[in-house]
Amino acid sequence: MIRVQSVSKWYGLVVGVNRISLSVEPGVTGLLGVNGAGKSTLLNLMAGLLRPSSGTVDLDGKPMFANPEALKSLGYCPSPDHFYEDVTGLEFVAYLGRLSGLSPAQARERAVEACREVALGEEAGKKVRAMSKGMRQKVKMAQALVHDPPVLLLDEPLNGMDPPSRAQAIEAIRRWGQQGKSVLVSSHMLHEVEAMTSRILLLHHGKLLASGEVPQVRQAIASRPMNVFVRCADARNLAAALITWPCVQSVSFGTEGKALTTEVTDMGDFRVRLGDLMADRELGLEILNPLDDNLSAVFSYLVA
Amino acid sequence: MPVYEQGYEAYEGRRNSLGSRWKPLFREEILPYFNKRRFVFLLVLALLPWLYGVALTFLHTQLGDADWAKDLVTKLPVVDETLVAKLLTNGYDLFLLFIVAIWVGSGLVARDRKDMTLDVFLGRAVTSVQYLWAKGAALGVFLLLFSFLPTLILVIFQVGLTGQAGWLLDHVRVLWGTLLYTAIGPGALVLFMLALSSMARSPRVVGLAFIALVFFGDMACGVVYAITKVSAVWFFSLSRELTALASLCLGAPPPFASADLHPALVALFFAGLATASLAVLWARFSRRGVLR
Amino acid sequence: MIEGPVRAIFGFTARGMTCSVKGWLFGLLLVLPWAAALLLRLLIWKGVQVPMGGVTLYGILVLAYVTGFLVPIATLFFGTSLVADEVEGGTLPYLFGRPLRREKIFLAKVAAMTVVLAAGCWLSILGTYLLSLSLDGAGALGRGAGTLLGDLATTALAVAAYGALFAFLGLAMKKPLFWGLIIGFGWENLVAWLPGFLKRLTLLFHLHTLLPHSAAPQGVVQQMLASSESRITALAFLLGYTALFLGLGCVLIRRMEASAAEREGG
């Protein structure tokens, strides 16, 4: 099992990931986050390519960074589209298989098998330079799989794939999970991840925002209190009504008395009640603005 | 269902004048170098031999009349066209000139190709000519810093220390000769670097190709000359051609004891280099809208 | 017994060096001495008065061209690219993500470069030797065998030493080409000629001590360069420098990070 304990990574003054702790169990786990959330940094740390600024990353107790013992059990599919361009897909996969300790014959055999696993088929014999983006993605997945590691880290593996290839790749990832491999797949598309697994880790601004099953996470996000700024002509009357609603936890006034900030636990219920109230009374609502932008962005991703 | 014609048509945009759209590109290309301490250090290093010229000027003008120093000073070379030609093309300054050409020039187009920013630039209202002009001008400015600027400083010192503007009138060829040398020699070098840089995606490979071509040219000429003793073989040596060009432009005597290059051959070399470079650039940039 | 992964990297690197445009360019550089020797033969055959014989030409080509130009330029070309190409091409994560000590990756790559370049230089020297010395009769070939062996050994050592230096620079410097030029063609050529101890800090000085050519016209240069140290000392210095650069390279690669992240990545 791969375990990340209180790991942070800084690039100078920029924080890549911040005090993240997690572990990847057998089966498929989705790593969700918007661009710049720190997914690739986290995966690079877990793949032993980056050294944590603080904290530890280990696989069955062995530290990951530049440690061959730990890397034996790991397959990593990076996100960028980089290859040795002048070899065929099969040669590429077989070469990296040899670097994982396979004999030349084993490497060739396993490369063919890995290419078949990712539905690369006859195209594997083409030069990488001549392959489409989707095929190149499959080659990257095959090289991660070639030495049959128990842990797979896949960084946005479905990028650039057409719908049939995407479906094949999703099917393959699910199959590896069912075979007992620990698979961590990063993506910024919830529906992609949901097609593979219901278990997700949610990363935002370099921090682990939430983790668990998708329905749980949806509920957890939805039930977190959210600050909403309201500006209206009759703020005191509005506050008197708000304070009686079960979805409102607190109300506070601004300095000028025309604006208030309220802490809401159920945004859906709040919207319905506010709509009804506006229909009943003339409160002169001017502005309604959720203040937790980050959370709302994450929320949007989750329900998109 | 109608089937439409599927061919592509090359974009034949109107040829605009150079305008000022190249200026941001030019600025972005040169400004970062002045923040690099290593680069400024290199510039200072290039000026070191010229300090010798300044010292000579000082000795001649300030101590030339002193009895105790007269004998010594008369033995020292005077500041004139010959000295400037030597300073421009001594091995040390040529080496630095090549280093700068590689440092600044190798990434001019290659870096944009590698970063995929060439598409962005040429996809805007910047034409290939404006783009190449901006890039070439940036390298040209740096090469000027290693050729014309030191000459100018030397002339200013000479005139300033002697207090006689007449020296400048007598030696005006120092200025226009250096300008002519810079326009032809380093000018052709700029085109050559642009052409090389447009042929690869990695600035490092461009730099290595330049080194291999220039140093190999010198070495091959040296070997063949050692066997044949025919001075015309130096025709293919860039450093020899630059040295000969400086002597010609400044009216100084030929610098090589055994292998004097004919002016026509020197002109032919630089014309050939510039033409070949322009042909490469034309082939790379004119046929397609955006290089990939 | 060499491990399979190390053999794989060795083979892949050697293949990349030989079956590429770079490899062809290197091949062109190798045949220049042959062309020079053939030119000399042609001139002699045509009855043109030539200033040197085959032995002298061979000496000049080995001393000035092979060790003075070909080895530094080829090792600069390939040595600085060993790791820099992987970094630029974004393929380093594939290597560093494998269960293989990074030092072995580095050493396997350096070994592949050394073997390919040394083999190329040997081919060039052997061809030049045959084409040049046969001008002076078949006996000259036999008499020069000792010189030839010395040249081959020294060239291999030169490739190893310069290769280690430039491979280390390729790892340590952001602009390895710039530093490679400054050190390989600036420092080396300038300092190797200075009197005093400083010249011992160059590879060229020790290589010239080891090269067996002492006949004119390169004899003066040879004496200037080689008069102040024994061959054993030169050998010790060269091996020491090679080990030092390889050791430093191993330390650097062990600590190196290889992010596969892209700017647009998450």
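User: Why is A:Asp60 called exposed?
Analyst: A residue is exposed if 12 or fewer other C-beta atoms, placed from the backbone, lie within 10 Å of its own; 20 or more make it buried, and anything in between is partly exposed. A:Asp60 has 12 such atoms within 10 Å, so the residue counts as exposed. This is a predicted model: local features need pLDDT of at least 70, side-chain atom pairs count only at pLDDT 80 or more, and totals for chains, interfaces and linings use all residues. Residues are numbered from 1 along each chain as its sequence is written, while chains are lettered from A and ligands numbered from 1 in the order in which they are written.

User: What is the phi of A:Asp60, and where does A:Asp60 sit?
Analyst: Phi is near 50°, a positive value in a residue other than glycine. Most residues other than glycine have a negative phi. A:Asp60 is in the loop between strands E4 (54-59) and E5 (62-63) of chain A. Strands (E, at least two residues) and helices (H or I, at least four) are DSSP runs, numbered from the N terminus.

User: What about A:Ser6: buried or exposed?
Analyst: Exposed, because A:Ser6 has 12 C-beta neighbours inside 10 Å. Its phi is also positive, about 50°, although A:Ser6 is not a glycine. A:Ser6 lies in strand E1 (residues 2-11) of chain A.

User: Why are E11(A) and E14(A) said to pair?
Analyst: Pairing requires at least two DSSP bridges between two strands. A:Arg231 stands opposite A:Ile287 in E14(A).

User: What makes E12 and E14 of chain A edge strands?
Analyst: The open sheet has four strands in the order E12-E13-E11-E14 (chain A), with antiparallel pairing. E12 (248-253) and E14 (285-290) each pair on one side only.

User: Which chains touch, and how is a contact defined?
Analyst: Two residues are in contact if their C-beta atoms, placed from the backbone, lie within 7 Å. Two pairs of chains touch, and chains A and C make the most contacts. There, 34 residues of chain A meet 28 residues of chain C. Helices H1 (39-46), H2 (68-71) and H3 (89-99) of chain A each supply at least two residues to the chain A side. No contact joins chains A and B, whose closest C-alpha atoms lie 13 Å apart.

User: Which helix gives the largest share of the side of chain B that touches chain C?
Analyst: H12(B), with 14 residues. The contact takes 19 residues from chain B and 22 from chain C. The chain B side divides into 14 nonpolar, three polar and two charged residues. Here Ala, Val, Leu, Ile, Met, Phe, Trp, Tyr, Cys and Pro count as nonpolar, Asp, Glu, Lys and Arg as charged, and the others, Gly among them, as polar.

User: What makes a set of residues a nonpolar core?
Analyst: The members are buried Ala, Val, Leu, Ile, Met, Phe, Trp, Tyr and Cys residues, joined through C-beta atoms within 7 Å. The largest core has 230 residues; A:Val93, A:Leu153 and B:Val100 touch the most other members. A second, separate core of 12 residues includes A:Val230 and A:Phe270.

User: Which residues of chain C have pLDDT under 50?
Analyst: Among them are residues 214-219 and 262-266. pLDDT is the predictor's confidence in each residue, from 0 to 100. Where it is low, the predicted coordinates should not be read in detail. Chain C averages 84, and 90% of the residues score at least 70.
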